[in-house]
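Please read it beside the model.

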Amino acid sequence: MSPVNARSSAVPKNPVNRVVRRRRVGGRSARVVSAVLRNTLEALGQQGYAGLRVDEIAERSGVNKTTIYRRWPTRAHLVIAALTDLATPPVAVDTGYLESDLRATFMTATTLRATAVGLGVVRALIAERGHPEVDRVLGELRERHRAPARCVLEHARRRGDLPRRVDIELLLDVLTGAVNARLRERPGPLDSQWVGRVVRLVLSGAIAGGRARI
């Protein structure tokens with residue numbers, strides 16, 4: 001987003017067994033997860049959510065569908081995992097300054113529209129808005145992208161960097177709306193200076209509005 005204010009089984013008793021049983025990083029399990037998520041995204045972009053079949057994803061990935069259901073119990077869980085793997089939600093950053101915190105938090109996010117596969121997925125999901133499961137998936141993704149910034153804002157309010165009666169959800173609407181609009185228009189990386197100007201503008205309004213109400 002200049003600083004405004006300072007401030008995701010039982011353990012074996014034998015340690016040798018614990019080492020032997022540890023899952024190898026980058027082993028078969030990791031390869032299966034990668035293949036399933038990749039094939040889910042491809043099928044979603046080609047067939048849409050309604051046409052997505054777990055047995056087809058399993059066949060494409062060379063695994064049994066029970067392997068998929070053990071990790072992702074429903075189709076919605078599978079799609080959410082695939083979309084989160086493709087477009088990373090932001091991570092809350094604590095730098096000691098509210099404006100810097102928000103700017104750095106928004107800069108950690110990536111967008112679905114950054115790849116051809118992602119663009120196809122976005123079009124497929126938009127076309128199926130109103131489908132209960134699609135709306136649930138989109139709502140979950142939306143919350144994952146809002147939650148880190150909400151954490152930053154709530155922490156700032158508790159320490160007195162924001163007025164006590166500030167509307168956190170309204171601030172989130174304005175901030176995420178501006179950032180998402182920018183990503184839709186320009187799928188490349190966000191400009192840190194631009195994000196900083198947006199954050200500064202929104203925070204200045206929130207702080208001035210809070211003082212006027214006191």
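Threonine 105 counts as buried because its relative accessibility is 1% (buried means under 20% relative accessible area, with a 1.4 Å probe and protein chains only). The model is predicted: local features need pLDDT of at least 70, side-chain atom pairs count only at pLDDT 80 or more, and totals for chains, interfaces and linings use all residues. Residues are numbered from 1 along each chain as its sequence is written, and side-chain values use heavy atoms, without hydrogens and water.

**Threonine 105**
- Threonine 105 sits in helix α6, residues 98–107 (helices are DSSP runs of H or I, at least four residues, numbered from the N terminus).
- A polar atom of its side chain lies 2.7 Å from the backbone oxygen of aspartate 101.
- The backbone nitrogen of valine 93 lies 3.1 Å from a polar atom of the threonine 105 side chain.
- Beyond four places in sequence, threonine 105 touches residues including Val93, Pro148 and Val152 (contact means heavy atoms within 4.5 Å).

**Helix α8**
- Helix α8 covers residues 132–158.
- Its buried residues include Pro148, Ala149 and Val152.
- Alanine 147 marks a kink of about 30°, shortly before proline 148 (the bend is the angle between axes fitted to the seven residues ending there and the seven starting there).
- Glycine 160 follows α8 and has a positive phi, near 95°.

**Nonpolar cores**
- The largest nonpolar core has 29 residues (a set of buried Ala, Val, Leu, Ile, Met, Phe, Trp, Tyr and Cys residues joined through side-chain atoms within 4.5 Å).
- Helix α2 gives the largest share of this core, seven residues.
- A second, separate core has 24 residues, among them Leu102 and Ile168.

Technical notes:
Helix = DSSP H or I, 4+ residues; strand = E, 2+ residues; numbered from the N terminus. Buried < 20%, exposed > 50% of the residue type's maximum accessible area, 1.4 Å probe, protein only. Polar contact = N/O pair within 3.5 Å; in protein donor to acceptor, adjacent residues only side chain to side chain. Expected span 1.5 Å × (residues − 1).
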